[in-house]
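Here is a friendly briefing to read beside the model. Have the viewer open, and follow the topics in any order.

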Amino acid sequence: MAGARAAAAASAGPTASSNSPPPQEPGLGELLEEFSRTQYRAKDCGGTGGSKVERIEKRCLELFGRDYCYSVIQNVNGDICGHYPQHIVFLEYESAEKEKDTFQSTVQVSKLQDLVNRSKMARCRGRFVCPVILFKGKHICRSATLAGWGELYGRTGYNYIFSGGADDAWADTEDITEEDCALRSSDTHLFDKVRGYDIKLLRYLSVKYICDLMVENKKVKFGMNVTSSEKVDKAQRYADFTLLSIPYPGCEFFKEYKDRDYMAEGLIFNWKQDYVDAPLSIPNFLTCSLNIDWSQYQSWDLVQQTQNYLKLLLSIINSDDDSGLLVHCISGWDRTPLFISLLRLSLWADGLIHTSLKPAEMLYLTVAYDWFLFGHMLADRLSKGEEIFFFCFNFLKHIISEEYSALKTPRRKSLPARDAGFTLEDLCMLRRKDRGSTTSLGSDFSLVMESSPGAAGSFTYEAVELVPAGAQTQAAWLAALSERETRLQEVRSVFLAAYSSTVGLQAAAPSPSGAIGGLLEQFVRGVGLRGMSSNTL
């Protein structure tokens, strides 16, 4: 354990570009310590622990306010949802004047709050559809899956069954309003009412795409269906939405990730288990441009599966469609924050959202808001070795390539013959040595992008094809290909340093050969922060 922490701290020390420690976000250590100590509950925000949570929430509001004008959905004491933030941020528009004129929300917060109150019973644990990212005027939302009869007719009993009787998994009863009781008493129209409100909320947020990460059609505990999902709604209430079933392993699978010394490469989920009955289902019009053989999804390892699902989500939100996106799993606090966090970090790395935030600030925001304040049970997951939280940020090294970029390149053109001096070897030298990612420049070796990313401080491509090969062209490609990588690698290095000094790595048992495991080797060599010269950028 101590060796794991020391190696992580050493490797996450000097950056390759400056040979100085990556800047830390004030309060990040306190955040991780509080996160690993207990699960966040809105109604428990009192006493010493409450003051820490208040500081965390206040910091999140400050970071959102850097780039956005927002309103707050009040959830004081968990009145709406006991495991959502007390102050739920609703992003209205980017605070920059030019963005305000381009993309501005038409949602009225008072009406939104009313729909939230009415629709919360529709979803597991009351975790309603909640907008968390604003991109090009589109809302990227998160939630739990649809609630089943078990929850609607007794949340206390449901929570006990769903958690397997665990004492720390919402065994206490939440307040039941008169409206809730009235809904439950109407057997015939119960689902029409609660799911009707859920659909109204989705439409009000202009959500069209619903991505379901569950590996089952319905969650079953002790022979009882305790949750449902849109894809198996018998009345086809969600038929007007574009439903995507993209099954992804639950948090239990990440015990195997930890036991393999945190090596995700080669780790393949067992799709033949009895409870796995949700096949992958994606409309063809969403897959034709991705060049992915989706029929092979059961043969993908954890890295490739996460990469391909992220590509799919990015392509949906980056389309010309004005519709929003909902991502959910079962409870919405393991797999859901994984992909919400990756989406937020990926778009930020492209300079498309949270444009003023530095890497350490971006890390703080996504850990605090996307994971901690939305109820991820880190302490419980750590005790079981289910390290999906760690996987999320260690995985950033696998999405540094431009193929995960949301910067649009609508028109591409072959390099003119006069640029023959700009060789394949030249292009290869513009990238750092591959550190485990399965991506490469591939088909882009002989292509020039002609549109501007539009990101502050990044290179524009508008005149690239007019300059001959040489230092200027190489610098252009270097700037374009390294900006995203630099940002994501710095977030990862800050996370590894902070995580190792607070939470620590739950290291797997040593192998018979006495090797400490693959993760430490990644820390020392894979992060690329030790033994690298500044000119490798």
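Is Arg484 buried or exposed? At 5% relative accessibility, Arg484 counts as buried, where buried means under 20% relative accessible area, exposed over 50% and partly exposed in between (1.4 Å probe, protein chains only). This is a predicted model, in which local features need pLDDT of at least 70 and side-chain atom pairs count only at pLDDT 80 or more, while totals for chains, interfaces and linings use all residues. Residues are numbered from 1 along each chain as its sequence is written, and side-chain values use heavy atoms, with hydrogens and water left out.

**Confidence**

- The chain averages a pLDDT of 75, and 65% of the residues score at least 70; pLDDT is the predictor's confidence in each residue, from 0 to 100.
- Residues 1-19 stay under 50 in pLDDT, and the model has 47 contacts for them beyond four places in sequence (contact means heavy atoms within 4.5 Å).
- Residues 506-537 also have a pLDDT below 50, with 72 contacts in the model beyond near neighbours in sequence.

**Salt bridges**

- The count comes to 22 salt bridges, each defined as a side-chain nitrogen of Lys or Arg within 4 Å of a carboxyl oxygen of Asp or Glu.
- Arg484 meets Asp350 in one of them, at 2.9 Å from N to O. Arg484 lies in helix α17 (residues 471-502) and Asp350 in the loop between α12 (335-349) and α13, so the pair ties together parts that are 134 residues apart in sequence. Helices (H or I, at least four residues) and strands (E, at least two) are DSSP runs, numbered from the N terminus.
- Asp350 is buried too, at 4% relative accessibility.
- Arg59 pairs with Glu361, their closest N and O atoms being 3.8 Å apart. This pair links distant parts of the chain, with Arg59 in helix α3 (residues 47-65) and Glu361 in helix α13 (residues 359-372), 302 residues apart.
- Arg59 is buried at a relative accessible area of 18%, and Glu361 is buried at 11%.
- Arg381 and Asp380 form a salt bridge at 2.6 Å, N to O, and both residues are buried.
- Shared partners join Arg59, Glu62, Arg66 and Glu361 into one salt-bridge network.

**Nonpolar cores**

- The largest nonpolar core has 129 residues, of which Tyr309, Tyr369, Phe389 and Phe393 touch the most other members. Helix α13 gives the largest share of this core, 10 residues.
- A nonpolar core here is a set of buried Ala, Val, Leu, Ile, Met, Phe, Trp, Tyr and Cys residues joined through side-chain atoms within 4.5 Å.
- Leaving aside neighbours within four places in sequence, Phe389 is in contact with residues including Leu32, Phe35, Trp371 and Phe495.
- A second, separate core of 5 residues includes Met121, Ala122, Leu190 and Phe191.

- Helix α9 (residues 190-204) has 15 residues and reaches 21 Å from its first C-alpha to its last, close to the 21 Å expected at 1.5 Å a residue; the expected span is 1.5 Å times one less than the number of residues.
- Among the buried residues of α9 are Leu190, Phe191, Arg195 and Asp198.
- Ser206, which follows α9, has a positive phi near 60°.
- Strand β5 (residues 207-212) is mostly covered, with 5 of its 6 residues buried.
- β5 pairs in the parallel sense with strand β9 (residues 324-328) over 5 bridges, where two strands pair if DSSP finds at least two bridges between them. Tyr209 stands opposite Leu325 in β9.
- β5 also runs parallel to strand β8 (residues 242-245), joined by 4 bridges, and Leu244 in β8 is the bridge partner of Cys211.
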